[in-house]
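Please read through the structure below with the two chains side by side.

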Amino acid sequence: MRLVSPKVRATPLDRMLRPVHSWIWADAERRARKLLRFAETEADGGRDLSRAAELTPDPLLRRLYLAHASDEQRHAELFRRRGAGILRSFPSRSQPAFQANWLAPGERGLDDLRVDNTPDDALLAFLHLSEKAAASRFALYREVLAHDPATRAVFDEILSDEAFHMNYTYSQLTRVAPRRYRRRLWWSRLARLWKGYLRLATALAGMMGTIVLTIQYFILLPPFAWLAKRAGRREAPGWTPISSKRNNSIRSQY
Amino acid sequence: MKILGISAHYHDSAAALVIDSVPVCAVQEERLSRRKNDAAFPLSAIDWCLEHGGVQPEELDAVVFYERPMLKFERILTCTLRSFPSSWRAFPKAMKNLLGEKIWVRGIISSHLGVPARKILFTEHHQSHAAAAFLTSPSRRAAILTADGVGEWATLTIGHGERRPDGSAAITLLREIRFPHSLGMLYSTFTAYLGFAVNEDEYKVMGLAAYGRPTMVDRIRKLIQRTPDGAFALDLDYFEYQTTAERSFSSRFVDLFGPPRESSEPIDLATATGQRFADCACSVQRVLEDILVEMARELQRETGAADLCLGGGVALNGVANARILAESGFERVFVPAAPGDAGCALGAALYADRIHFRNPDREIPDHPFWGPPVDGADLARVAREDSQLVEELDEYSLMERIAGDLAAGRIVGWMDGASEFGPRALGHRSILAAPHTAEMRDRLNRDIKYREEFRPFAPVVPIEAAAHYFALPPGGLRLARFMSGVFPVRPEWRSRLAAITHIDGTARVQALEREMAPRLYALLEAYGRCTGIPVLLNTSFNLAGEPIVNRAIEGYSTFRRSGIDILVAGRTLVVKRASSAAKLKETGT
């Protein structure tokens, strides 16, 4: 039996970005690779949920998490099959198309879920918001995929499960935390924002680090590179003897 | 003395505890964190080992890390410099990666455990492999060969080990082949080329090899040549792993072998492309075997030893191990249950104990079960909460019951005692099934393991019956102890052991001694009484992308999400009852 799914709609922000999403999904290779990436994300999500099922002391939640995990595994297979099907339909390019993964993430694609040490109410709030965000995004992807009925059908099928996931996470949250579920949801929303900021800050820091190290690479390293290459040319391939000193010393990191 | 061994940061992190010269426990981090091939610093594994051993960190006499981080840093920096300027993309990544955590191992260990820096020791990577191979084997005197992708600089070492009459032990590594020349990296490059995950899916290449012909051996010999001194050298124009982490092979490699496989693309052996990939796998497998056999033969001549201890990730290649045993002149070949990097945690601890502290050698129990135990009561509680049918039977009835179920075609999730240390399920965390039909193999691939059709399943058989069903050479039983060799199934049994007979008529057999896993042995006997053939299909108890199960709850979760019919932990048996998804959905919402 399939539950009657509530009408899932894209968020206003996503709707504003509809032309961008149309462009992202228009290219067949990009579409295929995106679906394959979604497959990985869904499979990872399934593993997180099975871990949640293993950790929760609540038998009903355990059953629901396990059912949810099986759904995610099935979604992964649907995405994988469709992505591979599209890829098979044309010769691959030497340069893959730009992926735009930040603009079109999959389910929990940009969230870092740590199941261990997360209490059930916090996890349910996280899952609820995550499922809701994914469902609204998937609804938009379905809309812009009018030219690809097969891929659209995949999103159709997945969306009906997403509706159940949204519903059960919410109703279970109200069950396990009847007095503080609203606070939990707000806390979870703030946590998502904080994680977003951390991701951005980490990416910026990473970029700055890369720039500084690249500059150092070209300014400081050339003479050492010349020496290293010269030493390398002197090394004959084949066996290198191991000294007895090396065999006996285990105090040094060098 | 209490010595903790640690391996971490590249793949398969692990911890092992040695007390009074004998291992007490060892576990891979992935089994506890539930992240496959977890490479993170193994905090959970360390904590579990200390708790299990009843040891406080301050009581430790030494903590031994399995390699020398600064020497590794030197190698990575030197290789980056040598490939200047084409390494400009790799350099920032490598530096950020290493400087972030990986070279500060002494500080990390010291801060986590609170042990003084002087107690923290470092073995070389291949010393750890050598110790894991030799010191866990029952050999008194053996040649040692270790081979993997790369440690610090070494990619392959040879040497020898000895247990002396005075009780001391010695391991001497004589010489090494250094990065970038690496048998492991050659194999991993083909793993990547064939669309599989490097450091994880090498065994898929071995499985695929049986479907191919060695038509590309000459081409692969262009990539790897023997040097006059008996070592080998790679032609680096065909590889890129030495300059970048992005891709292992160069465009010249692609010119020679054709376009690589997309990881998402199934391998269809009925097509020319699928056959090309199988031929490629077969050819690299053949070249790897040939080189290992030749090197082992030279090592045997040089040392005159009857025993060979193999270590490093390459020692997981059961086909190559069987050829080494058959063709190199060694009478016995020992491969530990965990020859890869996880096993280095135990190797490092044993090396420190025997070689550095010169403690007298003590016999090490010859089994792989060093991990956390399973509790049948936990399984019963969880299954009852889930309205599953739970039975608790006496030992004899349980074995007869499971044997009957297996004979009736049911698939059993089997958990017993402490979990295995190493990548193989050797009878304590296994999925068991009847080995007789190809349909069972297909069902397991389709409904449980969700994996490629070309991958074979392994059998387990009582050691006394092994030679009846499998053509084992002299010394084969030892190699089959930890499922480390691939041997022919006797032709007259192949049709009746179709689920475990690979396309080339072989199987990676486990020959089980009663003392090693008495309950699985009893089950094999019961199954033999029931069907006349005491052989079972034995595959690791996990689903695709997940580590092998550890606790009862993880076994139960796997049981619920897959086509396993019966789950056993200790004396608790759970029979799967179909649950109504619709009813659950109504209850849940």
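Two strands are said to pair if DSSP finds at least two bridges between them. In this predicted model, strand 7 (residues 154–163) and strand 8 of chain B meet that condition, with nine bridges between them and an antiparallel course. One of the facing positions is B:H160, which stands opposite B:T172 in strand 8 of chain B. Strands of a sheet pair through backbone hydrogen bonds, either parallel or antiparallel.

These two strands belong to an open sheet of six strands, in the order 1(A)-8(B)-7(B)-6(B)-11(B)-12(B), and the pairing in this sheet is mixed. At its edges stand strand 1 of chain A and strand 12 (332–334) of chain B; each has a single partner strand, so one side of each has no neighbour in the sheet. Helix 6 (residues 125–134) of chain B packs on this sheet, where it touches strand 6 (141–147), strand 7, strand 8 and strand 11 (307–311) of chain B. The direction of helix 6 makes about 135° with that of strand 6 of chain B. Helix 11 (residues 272–303) of chain B also lies across strand 6, strand 7, strand 8 and strand 11 of chain B, and runs at about 150° to strand 6 of chain B.

Where does chain A join the sheet? Strand 1 of chain A pairs with strand 8 (residues 169–178) of chain B in the antiparallel sense, over two bridges. In one of these, A:T240 has B:E176 in strand 8 of chain B as its bridge partner.

Chain B has a further open sheet, made of five strands in the order 3-2-1-4-5, again with mixed pairing. Its edge strands are strand 3 (22–28) and strand 5 (120–122) of chain B, each of which pairs on one side only. From one strand to the next, the twist averages 20°. Strand 4 (residues 62–65) and strand 5 of chain B run parallel and are joined by three bridges; here B:V63 stands opposite B:I120 in strand 5 of chain B. Helix 5 (residues 105–113) of chain B lies across strand 1 (2–7), strand 4 and strand 5 of chain B, and its course is at about 145° to strand 5 of chain B.

Some loops of chain B hold backbone features worth a look. Most residues other than glycine have a negative phi, and most peptide bonds are trans. B:D12, which is not a glycine, has a positive phi of about 55°; B:D12 is in the loop between strand 1 and strand 2 (14–19) of chain B. The peptide bond that joins B:F84 and B:P85 is cis, with omega about 5°, and B:P85 is found in the loop between helix 3 (69–82) and helix 4 (90–102) of chain B. Another cis peptide bond runs from B:F179 to B:P180, with omega near 10°. B:P180 has its place in the loop between strand 8 and helix 7 (183–193) of chain B.

How many residues does each chain give to the contact? Chain A gives 60 residues and chain B gives 77 residues. The area buried between chain A and chain B is about 6,100 Å², and carbon and sulfur atoms give 57% of that area. On the side of chain A, the residues that lose the most area to chain B are A:W239, A:I250 and A:Q253, together 17% of what that side buries.

Polar links also cross between the chains. There are 26 residue pairs in polar contact between chain A and chain B, both residues being at pLDDT 80 or more. Helix 4 of chain A gives the most to the side of chain A that touches chain B, with 13 residues. The residues of that side divide into 30 nonpolar, 16 polar and 14 charged. Eight salt bridges are counted between chain A and chain B; one of them joins the side chains of A:R63 and B:D386 (3.3 Å, N to O).

Over all chains, the count of salt bridges comes to 64. Among them is a salt bridge within chain A, between A:R18 and A:E143, whose closest N and O atoms are 2.7 Å apart. A:R18 lies in helix 2 (residues 18–26) and A:E143 in helix 5 (residues 120–144) of chain A, so this pair ties together parts that are 125 residues apart in sequence.

Key. Residues numbered from 1 in each chain as written. Chains lettered and ligands numbered in written order. Predicted model: local features only at pLDDT ≥ 70, side-chain atom pairs only at ≥ 80, totals over all residues. Heavy atoms only, no water. Contact = heavy atoms within 4.5 Å. Buried area = accessible area lost by both parts, 1.4 Å probe. Salt bridge = Lys/Arg side-chain N within 4 Å of Asp/Glu carboxyl O. Polar contact = N/O pair within 3.5 Å; in protein donor to acceptor, adjacent residues only side chain to side chain. Helix = DSSP H or I, 4+ residues; strand = E, 2+ residues; numbered from the N terminus. Nonpolar A, V, L, I, M, F, W, Y, C, P; charged D, E, K, R; others polar. Axes fitted to C-alpha atoms, helices over the stretch in contact; angles between N-to-C directions.
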